[in-house]
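Visitor: I have a structure open and would like to talk through how its parts meet. Can we start once it is on screen?

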Amino acid sequence: MTAEQTVLMDGAGIKRALTRIAHEILERNKGVADIVLVGIRSGGAFLADGIAQQISVIEGGAVPVGAVDITLYRDDCSGHLPHHPVGKTDIPFSLEGKKVILVDDVLYTGRTIRAAMDALMDFGRPQSIQLAVLIDRGHRELPIRADFVGRNVPTSQKENVQVAFDGSNQPIEVVLEK
Amino acid sequence: MDLLIKNGRVIDPSQKLDDTLDVLVENGLIKAVGKGLSAPAGVETIDAAGSYVVPGLIDMHVHLRDPGLEYKEDIISGTKAAVAGGFTSVCCMPNTKPVIDNKTVASYIINKAKSEGFCNVFPVGSITYGLSGDHMAEMGELKESGCVAVSDDGKPVGNSELMMRSMQYAAGIGIMVISHAEELELVGEGAMNEGFTSTELGLKGIPCVAEDIATARETMLAEYTGTPIHIAHVSTKGAVRIIREAKARGVKVTCETAPHYFTLTDAAVRGYNTNAKMNPPLRESADVSAIKEGLRDGTIDAIATDHAPHHQDEKDVEFTAAMNGIIGLETSLPLSLGLVDEGVLTLNQLIEKMSCNPSNILGLNRATLAAGSVADITVIDPKIEWVVEADKLASKSKNSPWLGQKVKGAAVATVVGGKLMYKR
Amino acid sequence: MAEFKHKHIIALRDLTKDDIELLISTAENMRDINCRDIKKVPTLRGKTIINLFYEASTRTRTSFEIAGKRLSADTVNIAPSNSSATKGETLADTALNLLAMKPDIIVMRHAVSGSHYFLANKLNCSIINAGDGAHEHPSQGLLDLLTMKDRYGRLDGLKVAIVGDITHSRVARSNIQGLTKLGSSVYLAGPPTMVPPGVEKLGDVTVCATMNEALQDADVVMMLRIQQERQGKTLMPNAREYSRYFGLNPTNIKLAKPNAMIMHPGPINRGVEMSSSMVDGDQSWVLKQVENGVAVRMAMLYHVCGGELE
């Protein structure tokens with residue numbers, strides 16, 4: 001069975017979206033003070049690196065970037081399928097009093113974000129958590145919304161949205177599969 | 001109740017007979033063996049075309065667990081299993097509760113077997129009182145009360161002097177001594193054969209040399225005293241070699257093995273299968289080959305089952321906690337017929353090892369179809385294929401490593417003292 | 001994507017290379033939890049783990065208990081040696097009674113090899129082996145592998161010397177299984193009374209005539225515990241002579257590769273298996289082994305809880 005695929009964004013489009021998100025983050029937070037980025041593995045972590053790069057281009061200074069693996073915080077662990085492999089959570093800095101920008105590739109039900117926020121709380125008490133996503137495809141199952149959105153894409157629940165990355169973890173395109 | 005068995009392939013090593021013949025039984029005795037025999041109207045006739053008709057099979061080593069351990073087996077269920085397996089006589093070992101070390105227990109067994117049993121039961125008395133290994137039982141009285149041999153089966157007589165004196169004493173009475181040949185210090189806490197499998201499974205091993213040393217001692221005692229000895233359940237290549245050499249020197253040694261020692265290796269224990277746990281333990285493939293060679297060249301005289309029923313609760317436990325032993329009466333015949341298919345034994349040799357030799361070793365005066373002798377007859381269909389299923393076994397216990405497996409060959413009729421005690 | 005398809009972890013012999021690598025990788029990624037202020041994740045919330053220890057053990061039991069708690073499972077410790085087992089209750093009955101408490105995992109240590117398979121056939125919960133007789137000790141094997149990976153970054157092509165009572169060692173068996181599956185070689189040395197027959201056929205195993213031969217160019221030197229109660233009176237004269245021929249000291253360690261790692265499953269008899277200078281020296285990874293124990297056991301609990309895929 002071959003799914004019908006539509007390219008929603010190409011590499012250049014993604015880069016423009018990340019650049020805009022970087023600007024919005026700086027604008028909303030009035031600079032880089034106390035800002036840290038934490039990407040959700042695996043796609044969100046790659047995008048967090050991209051946003052951080054844009055921020056440093058704009059502001060000239062580096063922001064700390066970490067990655068969180070939410071596997072251990074998932075809410076579907078009591079199912080009868082094999083557990084997902086556990087990835088590495090790598091937050092080599094304190095979150096205490098920080099403004100955390102949580103980054104993910106696709107915002108869908110909101111469950112991943114719930115898990116990620118629980119994980120972040122276990123690392124300390126940030127001043128705030130803001131959410132940046134490349135794609136918001138709707139169909140939320142939890143009261144969660146994004147602060148920074150690359151693009152809103154109306155989808156049906158049967159469809160699938162994937163962000164593809166190349167070998168050096170650079171985003172190539174966003175694909176809608178029917 | 002008379003009986004005519006027609007058109008079977010009659011194999012009787014005692015008369016060097018192997019021909020398609022009829023066997024007529026009258027008043028519990030063999031009346032005639034010949035061609036075209038007829039019987040008066042009303043006499044039950046068995047059509048044995050395509051089957052073997054042989055002197056009743058004799059299992060010289062079983063545990064009937066009666067008296068005292070009837071939850072595992074009793075004389076009724078045990079003899080029922082025997083006839084289902086084609087055996088017309090069994091010799092039961094003395095490790096009952098109480099031990100067969102006196103006339104009362106021996107008489108109880110003989111009487112119960114006569115009144116309620118399905119086949120002949122010949123008790124084996126103990127060598128030492130209560131199997132204590134400490135002092136000699138009253139072998140004279142045991143013989144008088146019907147015991148056909150003495151043995152401390154289940155364990156060896158560790159004290160070499162006591163063993164030697166027992167052999168001398170028994171020879172004076174004229175009763176055979178059957179040895180459970182094992183050096184207990186080497187057995188220790190061992191739970192299976194010592195070898196690669198025990199290493200892999202992390203189970204304490206019993207080295208084969210534990211059996212070899214004890215077998216050597218018994219043959220040397222027999223040689224020194226000039227008395228006979230029978231070695232039970234031979235399982236190692238070393239023991240086969242020792243017995244072969246002793247026989248060549250003229251030592252009066254005979255021995256038996258059991259079907260599991262020529263069909264299974266210790267690999268059967270993998271998965272911690274307690275139905276592959278017995279004593280002596282299953283050995284390695286070189287031992288299995290040596291057992292077969294011993295059977296072929298006559299070093300091993302007899303096939304006995306060491307039928308050792310145990311309750312499910314005694315087997316369905318952690319491996320080291322499980323009791324030793326498996327049942328064998330109902331699977332011995334097909335497994336042993338396999339030796340004929342493999343070319344290890346001729347059919348005639350197989351009948352010798354399962355009937356004539358046990359009778360001769362213990363002086364039972366059975367194992368013949370000669371006219372006038374007691375009509376113990378087994379009719380065997382060598383082609384029937386069947387699956388060993390727990391709920392179809394006559395034995396009270398189901399501790400068999402062959403459960404669920406298909407085997408070939410079965411007794412279709414077992415005649416004990418002229419009576420048809422089992423018909424498939 | 002790698003998936004763990006086993007309901008039980010009873011022996012590394014039953015696992016594939018992929019299974020073992022997945023468990024180690026999960027342990028590596030879980031390890032950081034043990035270094036945080038909040039050393040807990042909600043993964044196994046609502047799961048019940050019974051630690052059933054028929055043999056005394058402080059280290060392994062504590063490690064499993066902490067591992068369960070850090071994954072938010074409820075853990076209960078039972079030591080039947082001072083409860084119903086002494087009243088004649090069989091293992092099967094004890095387990096069935098425990099099952100009535102609806103555990104998701106039973107972590108068991110038992111003196112009888114293979115008793116976990118027996119239990120797994122009777123119960124519908126997951127069984128993890130915390131040591132069975134002289135058979136296997138998979139969590140120890142895995143934590144040893146993780147510790148070697150910490151040092152060398154890989155688990156293939158290593159030369160691992162294991163010295164001591166191989167016959168009675170479940171640690172040696174699990175390491176042999178794991179190391180062989182991952183492509184490393186094991187060199188065994190011990191008094192001939194403590195080297196079981198056919199052990200060289202268990203995997204990539206070479207039985208050495210002397211300890212020096214095993215140590216030669218070793219990347220890892222693993223010393224096994226000598227227990228007088230196990231070796232009895234017939235396997236060796238005494239601890240003094242044992243340590244002369246099979247003890248690790250500053251002289252013979254020089255035969256191994258420079259800076260080779262020294263490991264021991266513990267508890268150590270100082271001065272017998274190795275001298276104190278070895279235990280506490282720069283080459284010792286003994287404490288790292290203990291530390292890795294929690295992460296490895298978390299990984300085991302996590303993956304057996306995932307259910308089967310068939």
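This is a predicted model: local features need pLDDT of at least 70, side-chain atom pairs count only at pLDDT 80 or more; totals for chains, interfaces and linings use all residues.

Visitor: How many residues of chain C are in contact with chain A?

Guide: 23 residues of chain C contact 18 residues of chain A; contact means C-beta atoms, placed from the backbone, within 7 Å.

Visitor: Which element gives the largest share of that side of chain C?

Guide: Helix 1 of chain C, with five residues. Helix 1 (17-30) and helix 11 (286-304) of chain C are the elements giving two or more. Helices are DSSP runs of H or I, at least four residues, numbered from the N terminus.

Visitor: Where are the domains of chain C?

Guide: Domain 1 covers 12-133 + 293-304 and domain 2 covers 138-290, with bounds from an automatic or database domain assignment. Their C-alpha centres are 25 Å apart. The contact takes 18 residues from domain 1 and 17 residues from domain 2 of chain C. Helix 1 of chain C provides six residues, the largest share of the domain 1 side.

Visitor: Changing topic, what does Leu301(C) touch?

Guide: Beyond neighbours within four places in sequence, its contacts include Leu44(C), Ile49(C) and Ile105(C).

Notes:
Residues are numbered from 1 along each chain as its sequence is written. Chains are lettered from A and ligands numbered from 1 in the order in which they are written. Two residues are in contact if their C-beta atoms, placed from the backbone, lie within 7 Å.
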